[in-house]
Amino acid sequence: MESFSFWFFGACTLIGALLVAFGPRLVHSAFALVLALIGVAGLYWGLGADFLGGVQLLVYVGGITILFIYGIMLTPKGTTKWSASSLLFPGLIAVVPVAVMLHLAWTGLASVLPAASTAEPAATADTIGRAFLTRDQYLVPFELASLVLLSALVGSVYLARRKKES
Amino acid sequence: MDHTAGCVFLGAAMFVLGVFTMVTRRNAIYVLMGAELILNAAALNFVAFARHLGNRLDGQMFAIFIVILAAAEAAVALGIVLQIHHHFPTIDVSKADRLGD
């Protein structure tokens, strides 16, 4: 069952990412990004990160994607024209990591990794909440993140406002 | 059942597709989507290895901070895209090449 959920959400992620990269229109790619992000949330649940999966759904699927859709609606539409010369250089870049992946698949990643832990995952929301508010764990990064979010909020409102014609 | 290797492969594939999107597309919003794919690939690796090494919380915390920073990045970057659209008539990243008027 766990294996089935891995393949299902993995396929969602892969198909979504492929459609983002090769989709013909911007809106299609935006919804394909939703599919990929939901797939990643499902993978998080399968890996025992239940709180993180929820955060992924709320923030990414619910927030960032809406932002993208607004960005698409506020800007002019355009289609991507592919040509052999424009694909040559990115294709060359993509060859390297694909070759590394194939090499790893050939030799077997399991031989490089340490032995997998057999511990069963427990619910994480409680531990994460405590870790955020404990001083010698994640309290300082947590407070800094709130500052970053506040400045991003103010900054994006400042950037996106329409300047008065003078 | 251990899916660490599968998650690492999936992360690598997402990373490659994200870089490909950022390099080939001219539309600024596509470039941002490629960045989101790359960030998700990195976060997936963190979580997969955290699970592999025994349900450690550190990897998940890194992924949570990645999500936080991605949200801030997306908001600011889309604001910048709107300003580029306001300043130039286009959001083609290769045509927005002037700093002044």
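Here is a short chat about how two chains pack in a predicted model.

Colleague: Are H3(A) and H2(B) roughly parallel or antiparallel?

Modeller: Their axes lie 11 Å apart, and the packing angle is about 175°. Angles over 145 degrees count as roughly antiparallel, so H3(A) and H2(B) are roughly antiparallel.

Colleague: And which residues of H2(B) does H3(A) meet there?

Modeller: From H3(A) you get Leu52(A), Ile64(A), Phe68(A), Gly71(A) and Ile72(A). On the H2(B) side they meet Ile29(B), Met33(B), Glu36(B) and Val47(B).

Colleague: How far apart are the axes of H2(B) and H3(B)?

Modeller: This pair sits within chain B, and its angle of about 175° makes H2(B) roughly antiparallel to H3(B). The contact includes Leu32(B), Leu39(B) and Phe46(B) of H2(B), with Phe62(B), Ile66(B) and Val81(B) among the H3(B) residues. As for the axes, they are 9 Å apart.

Colleague: How many residues of H2(A) are buried?

Modeller: H2(A) has 21 residues and reaches 30 Å from first C-alpha to last, close to the 30 Å expected at 1.5 Å a residue. Just after this helix, Gly48(A) takes a positive phi of about 85°. H2(A) is largely enclosed by the rest of the structure, because the buried count among its 21 residues is 15.

Colleague: Which helix supplies the largest share of the side of chain A that touches chain B?

Modeller: Across the two chains, 67 residues of chain A are in contact with 61 of chain B. H1, H2, H3, H4 (84-107), H5 (125-132) and H6 (139-160) of chain A each supply at least two residues of that side. The largest share, 12 residues, comes from H3(A).

Colleague: What distance separates the centres of the two domains of chain A, domain 1 and domain 2?

Modeller: The domain assignment gives domain 1 as 1-77 and domain 2 as 123-166. Taken over C-alpha atoms, their centres are separated by 22 Å.

Note on methods. Residues are numbered from 1 along each chain as its sequence is written. Chains are lettered from A and ligands numbered from 1 in the order in which they are written. This is a predicted model: local features need pLDDT of at least 70, side-chain atom pairs count only at pLDDT 80 or more; totals for chains, interfaces and linings use all residues. Helices (H or I, at least four residues) and strands (E, at least two) are DSSP runs, numbered from the N terminus. The expected span of a helix is 1.5 Å times one less than its number of residues. A residue is buried if 20 or more other C-beta atoms lie within 10 Å of its own, exposed if 12 or fewer, and partly exposed in between; C-beta atoms are placed from the backbone. Domain bounds come from an automatic or database domain assignment. Axes are lines fitted to C-alpha atoms, for helices over the stretch in contact, and angles run from 0 to 180 degrees between N-to-C directions. Angles under 35 degrees count as roughly parallel, over 145 as roughly antiparallel, 65 to 115 as roughly perpendicular and the rest as oblique. Two residues are in contact if their C-beta atoms, placed from the backbone, lie within 7 Å.
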